[in-house]
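Thanks for making time this morning.

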Amino acid sequence: MNLTRRSLMAGASALTLMPKFGFASGNVEVLEARSGKAQLVSAEYPDTEIWGYDGKAPGPEIRVPQAARIQRKLLNSLNEPTTIHWHGIRIDNAMDGVPGVTQEAVQPNGEFSYDFTVPDAGTYWYHSHFNTTEQISRGLYGALIVEEPNAPEVDHDITVIVDDWRLDQNAQIDPDFKQVRDWTHGGRLGNFLKATLTPALNEVKQNQRLRLRFICVATDRVMRLALVGMAGKIVALDGMPVDTPTPVEMLTLGPAQRADVIVDITGATGEKAMIGFVGREQTIVLASLDITGQASLAPRPEIMPLPANPIQQLGTIEGAQITALNMEGGAMGGLQSGIYKGKRMTTEELVQNGQIWTFNGVAGMPESPLAEISLGETLRIPIINDTSFAHAMHLHGMHFQEIFADGSFGPLRDTILIERQETREIAFTASNPGDWVFHCHMISHQAAGMMTWVRVTA
Ligand code: C2O
Ligand code: CU
């Protein structure tokens, strides 16, 4: 194995001498899942032991032109299995990275070759999909940026990854990933919020235009973000351009959600432009940029919609199949029993099995799909959140749209945040064959039961 590793490393360094895109076949870039060290907090604290792609958290940003082919060989140098899920990409089912559904988990020292094209421009991400609460909490994620051929003109195009770490006094990751109190409540919430800007940015000028690509990679925390000293519009959600860009001051991102905003720096020289996390008790500054002058006297032209992606929006929902999803469980949920691995269990028995949430009375992956539809058919899923917590439902492989009470449709999304005791309905027309998981992206909730799947037949 060592020998293989060494020759792969040599291959990887040879690659850096070649142009970034379009190198000849045979040289597949490697993403190595391994442990590493990161200065998460500050120089006064020890480095944090993390797990990351190529030993970094976030892992390397993958940035490609629209319609590009991405090939990455995942090399597992962890002491446990892993996989990579390419979140939000309309991908071939076999490349979706869900262990036990689309592939076998990659064992320690094993590898798996991911190979797919990215049909849609936008802001996506990749992350582990095995023992996911722990593996994402330890840092196994990165940005996947797909560039429009005719992207809007900006002075800086910055990826902003926002994470929520649970650290001890020595800045080390709290290794208890299976606290019942976390499962039954809002999940594993951290105590150290961090925004990573790629490329790094410290200074801006008044009237400069920025594209900020926000990605919430927190396992369980909903991020409410405030933008200060800048003004602009949301141009994309979960990778997909919105039809009409909407003004943004506050941004709410559930776990896994993304938003692209285009903003102009409005603050004056000597002031700061900031990204803040708005908590219940306090606002925390996640990024602070010095405004060091004026880029131009006049403000920038109007912010236009991004070019559309080659994806169909919902046409009609008439005649669509309707399958409801009932969410139950958690603390203050009054769950009496649920089915787990085919057996009816009391709440106590469920907790003993690490389960506490149910979809339609079943905890964990059910044997049969929530719904089965064929290509071109439309599925409506009313989601009834009969629990005391918010949930962020994510569908793999396809984007969906919300159906509002007045019959209109929301923007294309791959993850929807549903507040406690709320009912929301989504719908999509099946366009991608395969078995696609549909789960809560508050990953502690997923691990504790909130997982199902839909089957799309060709
Ligand atoms: Cu981003 Cu199934 O997850
Ligand atoms: Cu949840």
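Strand β14 (residues 230-237) runs antiparallel to strand β17 (residues 258-265), and seven bridges join them; strands here are DSSP runs of E, at least two residues long, and helices are runs of H or I of at least four, both numbered from the N terminus, while two strands pair if DSSP finds at least two bridges between them. Within that pairing, A231 stands opposite D264 in β17.

This is a predicted model, in which local features need pLDDT of at least 70 and side-chain atom pairs count only at 80 or more, whereas totals for chains, interfaces and linings use all residues. Residues are numbered from 1 along each chain as its sequence is written, chains are lettered from A and ligands numbered from 1 in the order written, and side-chain values use heavy atoms, without hydrogens and water.

β14 also pairs with strand β15 (residues 240-248), again in the antiparallel sense, over five bridges, and there L237 stands opposite M240. Two residues lie between the strands of this hairpin, and D238 takes a positive phi near 50 degrees. Six of the eight residues of β14 are buried, meaning under 20% relative accessible area with a 1.4 Å probe, protein chains only.

Stepping back, the chain has five helices and 34 strands. Its radius of gyration, taken over C-alpha atoms, is 22 Å, close to the 23 Å from the globule rule (2.2 Å times the number of residues to the power 0.38) for 458 residues, so the chain is as compact as a globular protein of that length. Buried residues make up 55% of the 458.

Notes: Buried < 20%, exposed > 50% of the residue type's maximum accessible area, 1.4 Å probe, protein only.
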